[in-house]
Amino acid sequence: MDYLQEDHLYPPPPSSLPAYQPDPYDGMPPPPEGEFPDLPALMKACQEHAKQHGYACVTSSNNYKRGIAYVRCDRGGEYVNHWNLTEETRVRKNRTRRLVGCTWKARAKRTAGGTWVLTMMNSKHSGHSASDSPAAHPSQRQLSAEAVEEARQAFKAGMSPKEVLELMRTRYNEAITAQDVYNLKAKIARADQKAAAGVAAAAAAAAVAVEAPPPTTDPTTDPMLQMQMVAPGPNGETGAETCACQCCNH
């Protein structure tokens, strides 16, 4: 068969293809604007949206008295070189930096009715791409107070960090890392030691207060209470006891 003569067997090529339109947000669209009952609900919605698109949100420059909070990308901002280190004087070389100056930013404002409204100020990220895992963001690896208390009880029961890690990932946050569990264990140990030291100090102070005798005043040894007899006057009046101290006139 001559395929050159059987062009009618194949569909004609399309006359025009739709123009390619790149994603203006590079796979990191901003969370939808809207109204929320309170600021924690607003931040939770922002974090859930960011988690699905490879970034994380944090608050900065808040003024709760005026009812304004600013939400930014957790990779926004720049590190401050307080010690004026250079690449030659720096001890730890080739360090990667999480802060890259991302300009994504939003504003949360409280209304007269007490609700909070989210408004985008700069909807595009800059300086970084979407992360592969939520574990790359510390704010996505936070544990609730309930989770921390359960971890404390688990360590107290003798569970290993590996077992606690599996427990936290299964029940609370799958993004938590092994280093987070080790840091949590050390933090719990420091808190327990501080609490135990406070209880011991209070018990010692109470024991000292019980053993110490009550304060007494002895007129023979206390100069403020020593008395002296005044000699009889020229007219024969009776002498009187007067205070021997120098602080009063009587």
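Entry 1: I began with Asp-192, which forms a salt bridge with Arg-152, the closest N and O atoms being 3.5 Å apart. The pair links distant parts of the chain, with Asp-192 in helix α4 (residues 178–211) and Arg-152 in helix α2, 40 residues apart. For salt bridges I used this cut-off: a side-chain nitrogen of Lys or Arg within 4 Å of a carboxyl oxygen of Asp or Glu. Helices (H or I, at least four residues) and strands (E, at least two) are DSSP runs, numbered from the N terminus.

Before going on, I noted that this is a predicted model, where local features need pLDDT of at least 70 and side-chain atom pairs count only at pLDDT 80 or more, while totals for chains, interfaces and linings use all residues. Residues are numbered from 1 along each chain as its sequence is written, and side-chain values use heavy atoms, with hydrogens and water left out.

Which other residue does Arg-152 form a salt bridge with? I found Glu-149, with the closest N and O atoms 2.9 Å apart. Both Arg-152 and Glu-149 lie in helix α2 (residues 145–156), three residues apart, about one turn of the helix.

I then checked accessibility, where buried means under 20% relative accessible area, exposed over 50%, and partly exposed in between (1.4 Å probe, protein chains only). Arg-152 is partly exposed at 23%, Glu-149 is partly exposed at 35%, and Asp-192 is partly exposed at 40%.

**Entry 2: Asp-74 and its neighbour.** The structure holds five salt bridges. One of them joins Asp-74 to Arg-98, with the closest N and O atoms 3.5 Å apart. Asp-74 and Arg-98 both lie in the loop between β3 (68–73) and β4, so the pair ties together parts that are 24 residues apart in sequence. Is Asp-74 buried or exposed? Asp-74 counts as buried, at 3% relative accessibility, while Arg-98 counts as partly exposed, at 31%.

Arg-75 lies in the loop between β3 and β4 too. I marked Arg-75 for a second look: Arg-75 is buried yet has no salt bridge, and the nearest side chain of opposite charge, Asp-74, is 5.7 Å away. Here Lys and Arg count as positive and Asp and Glu as negative; His and the chain ends are not counted. Leaving aside neighbours within four places in sequence, Arg-75 is in contact (heavy atoms within 4.5 Å) with Arg-97, Arg-98, Leu-99, Val-100, Gly-101, Cys-102 and His-128.

**Entry 3: positive charge on the surface.** Which residues gather in a patch of positive charge on the surface? I listed Arg-66, Arg-107, Lys-109 and Arg-110. Patches are made of residues with over 30% relative accessible area and no salt bridge, like charges being joined within 9 Å and nonpolar side chains (Val, Leu, Ile, Met, Phe, Trp, Tyr) within 5 Å. The place of a charge is taken as NZ of Lys, CZ of Arg, CG of Asp or CD of Glu. Arg-107 sits in strand β4 (residues 105–110) and counts as partly exposed, at 33% relative accessibility.

**Entry 4: the whole chain.** I stepped back and found four helices and seven strands. Along the sequence they follow the pattern β-α-β-β-β-β-α-α-α-β-β. Of the 250 residues, 24% count as buried. The protein exposes about 18,100 Å², of which carbon and sulfur atoms supply 55%; accessible areas come from the Shrake-Rupley method with a 1.4 Å probe, and for residues only the protein chains shown count as cover. Among contacts with a separation of 6 or more, residues 24 or more positions apart account for 55%.

**Entry 5: Asp-180.** Asp-180 is in helix α4 and counts as buried, at 16% relative accessibility. I looked up Arg-141 as well: Asp-180 and Arg-141 are 39 residues apart in sequence and 8.1 Å apart in space, C-alpha to C-alpha.

**Entry 6: positive phi.** Most residues other than glycine have a negative phi. Asp-26, not a glycine, has a positive phi of about 55°. Asp-26 is in the segment before β1 (34–36) and counts as exposed, at 57% relative accessibility. Asn-84 has a positive phi near 55°; Asn-84 is in the loop between β3 and β4 and is exposed, at 64%.
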